[in-house]
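The sequence and the structure come first, and the text follows.

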Amino acid sequence: MSNDKKMMLRDYLSELASQTDARLNERVQELLDDPKTIKRAHKFMEKHSSILGKLHEYSEILALQLNIPTKDDVANVARLCMQLEEKLDTIEEEIHQLKAQKEEKQQTYEIVKMPAKPKIFKKEKKGYAERRG
């Protein structure tokens, strides 16, 4: 195929797609404006939601009987894990702060610490020659 034919085919398909899209949008809009269609859709959604509710209830009962976790159980465990991580982070921070305070107090104590009282040696009354004696 030549480039001209390819361009014409592409233009034709593009125009056809635009027209089909426009007609489809008009039809959908007509259906959405029709009260009967809305009522039918509403009834269908009510039935669908009640069936989903029953399925959820039955799956909960089955999971309880089989002793397996449900989706809600897993979500609760995940939430508890996140809370536990936050609490552990808080405790870690407090431990680091306490260590820093202890080190600071230790350094302050070493700076302020007075040297021990020097020993005072008593002079013996006897002389060196007398002791050797």
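Why does Glu 30 count as partly exposed? Glu 30 counts as partly exposed because its relative accessibility is 47%, where buried means under 20% relative accessible area, exposed over 50%, and partly exposed in between (1.4 Å probe, protein chains only).

This is a predicted model, in which local features need pLDDT of at least 70 and side-chain atom pairs count only at pLDDT 80 or more, while totals for chains, interfaces and linings use all residues. Residues are numbered from 1 along each chain as its sequence is written, and side-chain values use heavy atoms, with hydrogens and water left out.

**Overall make-up**

The protein chain has four helices and zero strands, where helices (H or I, at least four residues) and strands (E, at least two) are DSSP runs numbered from the N terminus. Along the sequence the pattern is α-α-α-α. Of the 133 residues in the protein chain, 2% are buried. The protein chain exposes about 13,900 Å², and carbon and sulfur atoms supply 60% of that area; accessible areas come from the Shrake-Rupley method with a 1.4 Å probe, and for residues only the protein chains shown count as cover.

**Helix H1**

Side chains of opposite charge can pair when their charged atoms come close. A salt bridge is a side-chain nitrogen of Lys or Arg within 4 Å of a carboxyl oxygen of Asp or Glu, and the count by this rule is one. Its partners are Arg 27 and Glu 30, with the closest N and O atoms 3.4 Å apart. Both residues lie in helix H1, three residues apart, about one turn of the helix.

Helix H1 covers residues 3–33 and also holds Leu 13. Together with Leu 9, Tyr 12 and Leu 16, Leu 13 makes a nonpolar surface patch of about 380 Å². Patches are made of residues with over 30% relative accessible area and no salt bridge; like charges are joined within 9 Å, and nonpolar side chains (Val, Leu, Ile, Met, Phe, Trp, Tyr) within 5 Å.

**From H2 to H3**

Asn 67 is in the loop between H2 and H3 and has a positive phi of about 60° although it is not a glycine. Thr 70 lies in the loop between helix H2 (35–66) and helix H3 (71–112). Thr 70 touches Glu 60 and Ala 63, not counting residues up to four places away in sequence; contact means heavy atoms within 4.5 Å.

Glu 85 belongs to helix H3. On the surface, a patch of negative charge gathers Glu 85, Glu 86, Asp 89, Glu 92, Glu 93 and Glu 94. Lys and Arg count as positive and Asp and Glu as negative, with His and the chain ends not counted; the place of a charge is NZ of Lys, CZ of Arg, CG of Asp or CD of Glu.

**Accessibility of named residues**

| Residue | Relative accessibility | Class |
|---|---|---|
| Leu 13 | 47% | partly exposed |
| Arg 27 | 47% | partly exposed |
| Asn 67 | 71% | exposed |
| Thr 70 | 12% | buried |
| Glu 85 | 53% | exposed |
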